[in-house]
Every structure is written in C-alpha cells, then in structure tokens.
Amino acid sequence: MPRVFVTRELPGDLFAALRADVDFELEIWPGDFPPPQDDLLERVRGVDGIVCLITDRIDEAVLEAAGPQLRVVSQMAVGVDNVDVAACTARGIAVGNTPGVLTETTADLVWALILATARRVVESAAFVERGDWRTWGPLLMAGVDVHDRTLGIVGFGAIGQAVARRAQGFGMRTLYWNRTPRPERAAELGAQLRRLDQLLAESDFVSLNVALNEETRHLIDAEALAKMLPHAILINTARGPIVEESALIEALRAGTIGGAGLDVTEVEPVDPASPLLRMDNVIVLPHIGSASLATRAKMADIAVANLRAALADQPLPHRVN
Ligand code: DGY
C-alpha cells in the first residue's frame with residue numbers, strides 16, 4: 001500500500017476522496033503551520049509520495065531521508081522554487097505542479113493591487129477606520145489614474161497574458177518583456193515588445209509575472225528600479241526574491257518610484273518590522289494570488305491527480321521534470 005505524507009490539510013473533493021481511500025496510507029501534518037524541517041525529515045521516511053506546499057523546502061536532505069522508494073513530489077502550486085527539481089530528476093522522482101487553474105485568479109489579484117495602489121484604497125479605508133475623515137476635500141486621498149496609462153508586463157506567460165487581457169478593458173497601452181518574444185499572443189492582446197530597460201522606463205505600472213529562477217532572482221535590483229518613472233508603481237505577485245527588497249525600500253524612501261503592491265516578499269511571512277509596512281504608498285499582502293476558494297480546490301485536485309498518476313505509474317497530468 002503506497003505511503004504518502006501531506007504537509008497540510010488540503011481542500012477539494014479529490015483530497016477528501018484520497019483521505020477516505022483505504023488503498024493509501026496517508027499521514028497529514030496537522031494544524032495551520034508547515035512542518036518544521038526536522039519533522040519533515042522524520043515524517044517522509046519510507047514514503048512513496050509527498051504532497052507539499054510552497055512553504056515546504058524539499059531539498060536533497062528530504063529526498064535522502066525519504067529513501068529510494070520515493071516516486072513523486074506533488075506540489076500544490078505552479079511555482080516549484082522550493083523544490084530541488086534537479087535533485088528529484090537525478091533520483092527519478094516525478095515533480096508535479098498545478099498550472100492553468102490559477103491563471104485568471106492570480107491576474108485578478110494583480111488588478112486588485114494595481115487599482116488599490118493607484119487609488120489609495122487601503123490607505124483611504126484605514127483613514128476612515130481611524131476616524132480621520134472630517135470632510136470631503138479637493139485633493140483628499142487623490143491618487144493616479146489607471147485607465148489610458150501604460151502597463152509594463154515582465155513575463156508574458158499565461159498569467160502575464162491574462163493581466164494584459166484585462167488591461168484592454170482599461171484602455172491601457174500594454175508593453176511586455178519576455179525571454180522569448182510571443183508575437184502572436186502579443187498581437188491578439190495589443191501588447192508591444194520592449195527590452196526590459198525600455199519597458200521600465202516607459203511604464204506607469206510594472207507587473208512582475210516571471211517564475212523565480214537563477215536568471216530572475218533580483219531581476220529588479222537598484223539599477224532596474226532607477227530606470228522606472230518617479231510615479232511608477234511596481235506590482236509583484238510572482239515571487240519575492242525577483243525584487244531586491246533593500247533596493248526597493250531605498251527607491252520608495254527616495255521617491256524614485258511612486259509605490260508598490262506586493263503579494264510576495266523576499267522573506268515570507270514579511271518581518272512585521274519591515275519599513276514596507278510603514279509606507280502609505282505600499283500594500284503588502286500575504287501571498288494570496290491564487291487564493292479563491294474555487295481555485296485552491298482545483299489546485300488541490302490537480303496535486304492529488306498528479307500524486308495518484310505517479311503512484312500508478314501513469315503520466316502525471318502536470319509534470320515539471
Ligand atoms: C503558486 O502557485 O506558485 C503560487 O505562488 C501559490 O498559489
């Protein structure tokens with residue numbers, strides 16, 4: 001009987017079915033926090049499959065602790081930067097992820113951040129909640145327009161394209177940068193290709209939609225930030241380390257960019273003492289890009305489907321290696 005360790009309780013019908021399946025020996029880490037690394041090393045011993053989240057570090061030590069029978073690491077996320085994929089591949093372990101189902105949900109959150117930062121929504125709500133609202137004023141909480149302005153999309157994969165599609169409704173000029181140009185999709189979405197430095201220099205809003213890897217780590221560093229317009233707003237719903245956070249804090253302090261909407265930070269959870277949390281022109285969210293009930297259930301379903309396929313020696317619906 002296959003043994004499986006799941007690093008957190010998951011939503012979705014397929015997970016409920018897996019739980020009830022007498023042909024699996026399932027151990028689920030309880031509670032709302034990830035297993036500490038020592039517990040993870042202990043719990044994976046002898047398992048055939050691991051179902052994990054972005055909060056779990058699945059490295060060589062975990063694979064070694066699991067043992068040679070481990071066949072699949074099934075991650076409930078599209079990004080797998082917490083998994084040592086090369087080490088899995090070297091050991092013949094399949095790595096599954098959950099692309100597709102979270103594209104539109106994540107693009108929605110990009111737009112929530114664009115609109116909320118531009119129109120000072122969070123700051124305004126806090127102002128009202130504090131009881132500071134005394135009268136209407138000509139410039140009270142005046143922000144910047146979104147419609148008719150220029151959006152630069154860094155990374156023109158599925159999520160970047162979904163962001164571009166929404167920009168059409170706002171009558172925006174859309175620019176994109178991608179390692180591989182996507183002329184057909186760009187033509188359909190009215191997006192123009194730019195070099196990264198050009199995109200940064202021309203955009204009122206910059207949305208980061210690339211995966212994290214060694215090429216994109218600190219892609220937005222001090223030099224890149226210096227190219228942005230002084231009123232431009234940086235939106236990051238991808239991965240925190242794509243932005244050099246200390247440089248971002250400096251740029252925001254110096255006013256060389258206009259603001260930031262961050263669903264991800266270099267270290268998660270963000271340090272409550274981070275200066276980012278004290279800046280009115282910055283919104284920080286707790287990595288909720290794909291967090292709609294429906295999407296999270298679909299992601300869990302795919303993670304279970306990937307697990308079951310691998311353990312049945314079938315091709316995974318979504319395999320990254
Ligand atoms: C992902 O899927 O990679 C997100 O960051 C979590 O949904």
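Helices here are DSSP runs of at least four residues, numbered from the N terminus, and I kept that in mind while going through this predicted model.

**Entry 1, a pair within one helix.** I began with Arg253 and Glu250, whose side chains meet in a salt bridge at 3.5 Å, N to O. Because Arg253 and Glu250 are three residues apart in helix H11 (residues 245-254), about one helical turn separates them. I then looked up the accessibility of both partners: Arg253 has 54% relative accessibility and therefore counts as exposed, while Glu250, with a relative accessible area of 47%, is partly exposed.

For Glu123 I found a salt bridge with Arg120, in which the closest N and O atoms are 2.9 Å apart. Glu123 counts as buried at 16% relative accessibility, whereas Arg120 is partly exposed, its relative accessible area being 26%.

I next turned to Asp204, which forms a salt bridge with Arg149, the closest N and O atoms being 3.7 Å apart. This pair links distant parts of the chain, since Asp204 sits in the loop between helix H9 (196-202) and strand E9 (205-208) and Arg149 in the loop between H6 and E6, 55 residues apart. Are Asp204 and Arg149 buried or exposed? With the cut-off for buried set at under 20% relative accessible area, Asp204 counts as buried at 10%, and Arg149, at 19%, is buried as well. I also recorded a network of salt bridges that links Glu104, Asp108, Arg165 and Arg166.

**Entry 3, the ligand site.** Which residues are around the ligand? I listed Ala77, Val78, Gly79, Leu102, Arg239, His287, Ser290 and Met299, a shell that divides into four nonpolar residues, three polar and one charged. A polar side-chain atom of Arg239 lies 2.6 Å from a ligand oxygen atom, and for an N or O atom in the side chain of His287 the distance to an oxygen atom of the ligand is 2.7 Å. Taken alone, the ligand exposes 230 Å², of which the protein buries 89%.

I placed Thr7 in the loop between strand E1 (3-6) and helix H1 (13-20). Thr7 has a relative accessible area of 1%, so it is buried, and a polar contact of 2.6 Å joins its side chain to that of Asp56.

On the surface I looked up a nonpolar patch formed by Val128, Trp133 and Leu140, which together have about 300 Å² of accessible area. Val128 lies in helix H6 (residues 121-129) and counts as partly exposed because its relative accessibility is 43%. Gly143 belongs to the loop between H6 and strand E6 (150-154), and at 37% relative accessibility it also counts as partly exposed. Finally, I checked Gly143 against Val121: the two residues are 22 apart in sequence, and their C-alpha atoms are 9.2 Å apart in space.

Methods. Residues are numbered from 1 along each chain as its sequence is written. This is a predicted model: local features need pLDDT of at least 70, side-chain atom pairs count only at pLDDT 80 or more; totals for chains, interfaces and linings use all residues. Side-chain values use heavy atoms; hydrogens and water are left out. A residue is near a molecule or strand if one of its heavy atoms lies within 4 Å of it. A polar contact is a pair of N or O atoms within 3.5 Å; within protein, one must be able to donate a hydrogen and the other to accept it, and residues adjacent in sequence count only if both atoms are side-chain atoms. Accessible areas come from the Shrake-Rupley method with a 1.4 Å probe; for residues, only the protein chains shown count as cover. Ala, Val, Leu, Ile, Met, Phe, Trp, Tyr, Cys and Pro count as nonpolar, Asp, Glu, Lys and Arg as charged, and the others, Gly among them, as polar. Patches are made of residues with over 30% relative accessible area and no salt bridge: like charges are joined within 9 Å, nonpolar side chains (Val, Leu, Ile, Met, Phe, Trp, Tyr) within 5 Å. A salt bridge is a side-chain nitrogen of Lys or Arg within 4 Å of a carboxyl oxygen of Asp or Glu. Helices (H or I, at least four residues) and strands (E, at least two) are DSSP runs, numbered from the N terminus. Buried means under 20% relative accessible area, exposed over 50%, partly exposed in between (1.4 Å probe, protein chains only).
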